[in-house]
Amino acid sequence: MLKQDLNLRSPIEKIMGIDNITNSKFGAVLSRAGVGKTRFLVQIALTQLLKDQKIVHVSLDDSIGKINLRYNEGYTNLVDSIGYVDPQKAVRLWDDISLSKVGISYNDVTFDTEKLKDYLKSFKKADLPMPAMMIIDGLNFDEDITDILKKLQALNQEFSTSIWFAMKTHRDEAMAKDGYPVQLETRKDLFDKALFLQPVDNKIQAVVLKDGNRTDQSFLLDPATMMLVE
Amino acid sequence: MIRDLKRVRNIGISAHIDSGKTTLSERILFYTARIHKINEVRGKDGVGAVMDSMELERERGITIASAATYCEWKKHNINLIDTPGHVDFTVEVERSLRVLDGVVLILCSVAGVQSQSITVDQQMKRYEVPCIAFVNKCDRSGANPAKVAKQLKTKLGHNSVLMQLPIGLEDKHEGVVDLVAMKAYYFEGEHGERVAVKDIPDDLLEAAKEAREELIDAASLFSEELTDAILEESDISEELIKNAVRTGVMDRQITPVFLGSAYKNKAIQPLLDAVLDYLPSPLDIHNEAIDLDNNEESVVLESNFDKPTVALAFKLEDGQYGQLTYIRVYQGCISKGDTLVNTRDGKKIKAGRLIRMHASQMEDVEEIPAGHIGAMFGIDCASGDTFVSPTINYSMLAMHVMEPVISLSIVPKDNKAQINMSKALNRFTKEDPTFKTYVDHETGETIIQGMGELHLEVYVERMKREYKAEVTTGAPRVAYRETITQKSLFNYTHKKQTGGAGQFGRVAGFMEPCEEDFEFVNKITGGRIPTQYIPACEKGFAACMAKGPKLEFPVTGVRVTIDDGAFHAVDSSEMAFQAAARGAFLEGYMKAKPVVKEPIMKVVIETPNEFQGSCMGLINQRRGIIQGSQEEGVMSVIESQVPLSEMFGFSTVLRSATQGKAQFTMEFSSYKQVPQSIAEEIIKQKQEEKKA
């Protein structure tokens with residue numbers, strides 16, 4: 001029951017629709033540094049954990065400790081947003097669902113899609129349900145990462161796991177002519193969902209850049225919690 | 001033994017397996033002139049290190065039992081305890097930490113802070129043991145002591161500060177720069193026995209000055225004098241820095257980091273100096289016991305030789321001349337012929353031969369005063385027993401001992417083996433509180449229980465080697481538990497009134513899940529069950545916990561509340577209420593949705609990066625849950641939780657999947673409910689066993 005309540009309160013439900021986010025091949029959350037890409041991606045991943053799905057969070061920036069901390073924070077914010085919840089119940093639920101989250105911490109040099117492939121293969125081998133989603137945080141989209149994206153695309157096709165990326169933009173960069181940040185513009189065909197976060201008057205505005213008929217919708221988020229501002 | 005306790009150090013050497021603990025101990029003994037030849041662990045000379053006194057230890061290259069030894073360095077007595085590095089033997093580590101005043105935490109300069117270092121660190125925290133760190137293997141390819149010092153901060157939360165800088169690393173490692181004295185130390189001679197003190201090489205001077213600044217800055221938090229000296233920009237003496245760091249170490253607020261390579265004989269002598277300079281003497285440590293005659297109040301023990309004696313037996317060994325009991329004396333003094341009392345059983349003993357140990361050699365002594373570690377011969381006791389003078393009744397606080405999670409049946413090959421096996425088991429259970437044994441009354445088999453596969457394997461090997469007890473072992477078995485998942489009511493009447501003395505008792509109430517193993521709550525009012533029968537009810541319920549009605553595994557996590565009942569003025573008895581409670585338990589238990597729980601182990605794999613994916617796959621195939629994987633340099637650390645039943649033979653599988661390059665540690669984490677499909681298999685297996 002608490003699971004459904006939490007998902008109903010999730011900003012993801014309002015902005016993109018929880019069932020919708022795993023329909024994608026590639027999704028991206030874009031913003032400049034420090035606005036809240038990772039925190040928003042954590043909220044995306046939490047929706048799947050609350051649906052008893054497995055997720056894999058790959059970070060090229062954060063240590064495992066930090067990844068775990070981000071999820072703890074994200075979950076707490078979500079719980080707090082529905083007012084009173086029996087704290088013991090909330091803790092028990094987290095103990096239960098957090099087991100479905102796997103954090104993997106790489107650095108730029110050691111990130112290798114082959115390792116992810118080996119790992120995903122083992123689910124098949126052991127006849128286990130595949131992770132519904134993979135979050136990849138920290139890939140540098142200012143560089144030519146065509147090869148990596150191609151390999152990830154292959155993973156997405158082979159294992160039917162949707163992949164969401166954090167894509168860092170830059171404050172001083174102008175938007176491309178389609179209205180997309182340049183990091184997305186050059187690869188827009190790969191991504192079927194994209195969301196842009198930007199600070200607006202002490203709030204964070206989430207603009208849907210790409211997602212069928214949801215495109216161009218915008219929402220306001222509380223920068224402290226990444227919850228929707230009522 | 002010297003009585004000036006300022007010149008005594010009781011120290012341990014703790015670390016991850018293969019970090020070089022035993023090698024370091026050997027070097028210390030060599031430089032302190034306790035041995036005259038260096039033997040390597042798994043040495044080419046086929047001798048093996050002195051500290052690994054058990055044949056098995058030498059063969060496997062791991063230290064199983066802590067060997068206590070003493071040595072002298074610059075007119076100080078150092079009692080040294082070498083501790084095992086494998087998690088399966090942590091009870092040894094815990095026992096050692098209990099009697100130590102300080103620890104040298106060894107870290108590998110390549111692998112850094114590893115999983116076992118984290119476990120050992122937690123144990124050090126539990127016993128509040130001050131420590132200094134030694135980053136070993138600076139001669140290895142990929143050595144990076146600065147990274148390791150940083151990891152001490154980030155992974156273990158230590159306020160680490162470098163006390164030395166390396167002069168060259170990997171194959172160019174020549175010596176160290178002492179940041180306190182601002183001198184360079186080189187180690188000359190065949191075994192690095194001559195310390196050459198020289199000026200700091202020019203290319204390191206700037207870095208050394210910077211690092212010294214950092215050291216002084218960190219140390220100044222613990223000394224006003226030092227802070228004043230910094231503010232006044234006056235000369236900062238070595239003494240001032242050392243005193244400040246020492247204060248920080250005592251409070252566990254700072255961890256000075258030393259560097260070197262035990263294998264290449266580099267920088268061991270400065271480490272010995274550091275043991276004297278920074279680790280506490282027995283006088284600096286606050287030790288407590290509980291007074292059993294005074295409501296178990298805590299009593300502070302003083303290192304005073306004239307006070308009544310308090311000593312703790314922390315390790316037993318079967319020697320040539322009978323049982324050797326290692327003790328630490330906390331208060332008073334044990335002299336030959338003294339009468340002592342074992343507070344566990346109240347038995348009086350007479351201290352006979354007293355010795356101090358140098359691994360496998362012993363030296364007779366007349367007395368063991370407070371603050372020292374020694375050993376007694378011919379005393380019958382168990383590990384963890386407290387010995388006191390007959391005038392007091394103190395007990396040292398109990399050690400934290402975990403319940404065993406794995407069992408194995410053992411069958412002696414013949415009658416002779418049977419006798420030897422009994423002797424061995426008797427010894428091992430006394431030595432190691434996490435090793436237990438019992439006879440299964442249904443199968444007649446002897447069962448041994450322990451903390452992991454390797455733990456039991458080692459004891460089976462020791463049985464064969466030390467006691468000539470040839471035994472065959474069965475497949476390892478997991479210690480499953482049963483528990484209930486919901487509240488249920490019971491109302492049971494035990495009635496046998498068919499002639500003669502009758503039996504009558506009715507017990508009603510409810511049972512529910514709880515955190516504790518077993519709780520009994522009495523809410524009977526109005527004398528519906530007379531007070532004298534309440535303990536019988538509790539006994540009846542408690543008796544059912546030993547063997548669960550579902551699958552005959554021990555039951556845990558049940559709170560039983562009784563709130564109603566009935567009795568008969570003539571036919572009720574304690575026996576009748578015990579029987580009623582048993583009936584009530586059975587009635588309530590099956591309604592409370594019982595489930596089977598299994599031990600879940602925390603498994604940490606350290607593997608070269610290229611095998612990360614396949615190692616994670618291995619965990620997946622074992623019903624494991626990966627909590628995270630962190631890449632550190634060339635290695636990946638994968639943390640996971642895996643059911644123990646899936647971990648049998650894992651070391652072989654891991655070896656073949658990683659070309660022998662990965663290693664793993666495993667320790668008990670918690671009990672969790674078994675998935676339905678597995679529970680069904682267990683039920684099937686149990687039924688087959690019963691049929692057989």
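Two residues are in contact if their C-beta atoms, placed from the backbone, lie within 7 Å. The structure discussed here is a predicted model, in which local features need pLDDT of at least 70, side-chain atom pairs count only at pLDDT 80 or more, and totals for chains, interfaces and linings use all residues. Residues are numbered from 1 along each chain as its sequence is written, while chains are lettered from A and ligands numbered from 1 in the order in which they are written.

1. Helix H6 and a sheet of chain B. Helix H6 (residues 202-219) of chain B lies across S7 and S8 of chain B and runs at about 160 degrees to S7(B). Helices (H or I, at least four residues) and strands (E, at least two) are DSSP runs, numbered from the N terminus. Axes are lines fitted to C-alpha atoms, for helices over the stretch in contact, and angles run from 0 to 180 degrees between N-to-C directions.

2. S7 and S8 belong to an open sheet of four strands in chain B, with the order S7-S8-S9-S10 and antiparallel pairing. Strand S7 (164-167) and strand S10 (194-198) of chain B each have a single partner strand, so one side of each is left without a neighbour in the sheet. On average, neighbouring strands of this sheet are turned by 30 degrees against each other, direction ignored. Two strands pair if DSSP finds at least two bridges between them; S7(B) and strand S8 (residues 175-178) of chain B are joined by four bridges. One of these places B:Ile167 with its bridge partner B:Gly175 in S8(B).

3. Helix packing. H6(B) packs against helix H8 (residues 238-250) of chain B at an angle of about 55 degrees, with the axes 9 Å apart. H6(B) and H8(B) are therefore oblique to each other (angles under 35 degrees count as roughly parallel, over 145 as roughly antiparallel, 65 to 115 as roughly perpendicular and the rest as oblique). The contact involves B:Leu215, B:Ile216 and B:Ala219 of H6(B), together with B:Ile241, B:Ala244, B:Val245 and B:Gly248 of H8(B). By class, the contact of H6(B) with H8(B) has six nonpolar, one polar and no charged residues. Ala, Val, Leu, Ile, Met, Phe, Trp, Tyr, Cys and Pro count as nonpolar, Asp, Glu, Lys and Arg as charged, and the others, Gly among them, as polar.

4. A sheet of three strands. Chain B also has an open sheet in the order S13-S12-S24, with antiparallel pairing. Strand S13 (297-301) and strand S24 (394-396) of chain B are the edge strands, each pairing on one side only. Five bridges join strand S12 (residues 287-291) of chain B to S13(B), and B:Glu288 stands opposite B:Val300 in S13(B).

5. An enclosed strand. Eight of the ten residues of strand S15 (residues 322-331) of chain B are buried, so S15(B) is largely enclosed by the rest of the structure. A residue is buried if 20 or more other C-beta atoms lie within 10 Å of its own. S15(B) pairs with strand S22 (residues 373-377) of chain B in the antiparallel sense over five bridges.

6. The two chains. In the interface, 23 residues of chain A are in contact with 14 residues of chain B. Helix H5 (64-80), strand S3 (101-105) and helix H7 (113-125) of chain A each give two or more residues to the side that touches chain B; H7(A) provides the largest share, ten residues. Three bridges join S3(A) to strand S36 (residues 625-632) of chain B, and these strands run parallel.

How values were computed:
A residue is buried if 20 or more other C-beta atoms lie within 10 Å of its own, exposed if 12 or fewer, and partly exposed in between; C-beta atoms are placed from the backbone.
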